[in-house]
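Here are a few friendly notes to read alongside the model. They start with the overall fold and then turn to the charged side chains.

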Amino acid sequence: MFLKLFNSVKITKGAKNSIIFDANNGFLRLIPNTFFDLLSNEMRNYSRLKKKLDNDTLEVLDEYLNFITDNNLGFIVYSKKELLSFQGVSNFNETLSNCDYLILDVNNSNILNDNLIQQICTLNIKYLQFRFLDKVEVDEIIKVISIIEIFNDSNINEISIVVKYNTKLLFFIKENYFKISNKFLHFVLHSSNEQDFQILDHVYLTFINNTIGIPLGCGVINLKNVNLNRIFYLEAQQHNSCLNKKISIDSEGNIRNCPSMPQSFGNIKDTTLEEALSHPDFKKYWNLTKDTIEVCKDCEFRYICTDCRAYTERTHENKEGLDISKPLKCGYNPYTGEWEEWSTNPLKEKAIEYYGMQELVKKN
């Protein structure tokens, strides 16, 4: 008797606990490391194993197996030949493009000119995100949104727009969503009075009742932000889960890997995106995985967690001079299995002061 997990089901072991999740339906549970050890070997013959166990241990094993089948995470087969016939592809397939993601921090509508539009299309960007600073007037925001139909014939798959909630803007979206763009659109409206989610054809509206500060709001890590996408999981095992194949333009026009990263590779006024990408240091973090980052390497959430290299605890560097410290805004301790408020941890005080994040410290 063998146990086969569905291809959408993944397991990861941490220092204290393991997790099992299903990328198809968002199922996520903590499981004991002993359970992970049983599941990690798909060739394990459970019929033979059961003959070696005492009654109490056998009862626990049956509970584990029932947990898998009851939650539709896998199924039982009765021969190795049958088991091998269900083997699926579990490797991450690289895209052919040199860069897939572009983040654009917008402080006025002039940034999206013909030159930049052409560069975005030439690079074959797949995911484009606009992040509007709070000071941008709503009419300027509407002006940018009104021209993104220019990307209708591009290779872009998704356009997301992060912006502060505004009733005039929401009215404009709901009245014009069908002609804004033929791409998948995701509006993230922060500082709203409600926490909600709405779908208008190919347009998704996410309402968030807390404020997303740009750029200091980046890098928050909690269970609400984990990514249970199967491709994300596979990519995170080989590349950095935030910076791989990403390029950005900050609010001043500086080209960076991420808008919050300290190193600039030129300004969009006199440097092309392609020129910035060709800089020898631009991709230095792209292959830095969670398996090489302090503390994270022992965390069961490491392959579903978006890594942040912009804001870290600033405690460790590797021999190449790369920051391999734990993300600053993570309050999880994989050695105890407990979450805490990251901003009030006394061990993070120096890093919080370094980044000027004192205003983010949660008050008692």
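**Notes on the model**

1. Let's begin with the surface, keeping in mind that this is a predicted model. The protein chain exposes about 18600 Å², and carbon and sulfur atoms supply 48% of that area. Of its 364 residues, 48% count as buried.

2. As for the fold, the protein chain has ten helices and 15 strands. Its radius of gyration is 23 Å, close to the 21 Å from the globule rule for 364 residues, so the chain is as compact as a globular protein of that length. Among contacts between residues at least 6 apart in sequence, 62% join residues at least 24 apart.

3. Now to the charges. The protein chain carries 41 positive and 47 negative charges, whose mean positions are 4 Å apart. The salt bridge count comes to 14.

4. One to look at is Asp139 with Lys168, which meet at 2.7 Å, N to O. Asp139 lies in helix H6 and Lys168 in helix H7, so this pair ties together parts that are 29 residues apart in sequence. Asp139 is partly exposed at 46% relative accessibility, and Lys168 is partly exposed at 43%.

5. Helix H6 also holds Lys143 and Glu140, three residues apart and thus separated by about one helical turn. Their side chains form a salt bridge, with the closest N and O atoms 3.4 Å apart. Glu140 is partly exposed, at 22% relative accessibility.

6. Through shared partners, salt bridges join Lys290, Asp307, Arg309 and Asp323 into one network.

Conventions
Residues are numbered from 1 along each chain as its sequence is written. This is a predicted model: local features need pLDDT of at least 70, side-chain atom pairs count only at pLDDT 80 or more; totals for chains, interfaces and linings use all residues. Side-chain values use heavy atoms; hydrogens and water are left out. Helices (H or I, at least four residues) and strands (E, at least two) are DSSP runs, numbered from the N terminus. The radius of gyration is taken over C-alpha atoms; the globule rule is 2.2 Å times the number of residues to the power 0.38. Buried means under 20% relative accessible area, exposed over 50%, partly exposed in between (1.4 Å probe, protein chains only). Contact means heavy atoms within 4.5 Å. Accessible areas come from the Shrake-Rupley method with a 1.4 Å probe; for residues, only the protein chains shown count as cover. Lys and Arg count as positive and Asp and Glu as negative; His and the chain ends are not counted. The place of a charge is taken as NZ of Lys, CZ of Arg, CG of Asp or CD of Glu. A salt bridge is a side-chain nitrogen of Lys or Arg within 4 Å of a carboxyl oxygen of Asp or Glu.
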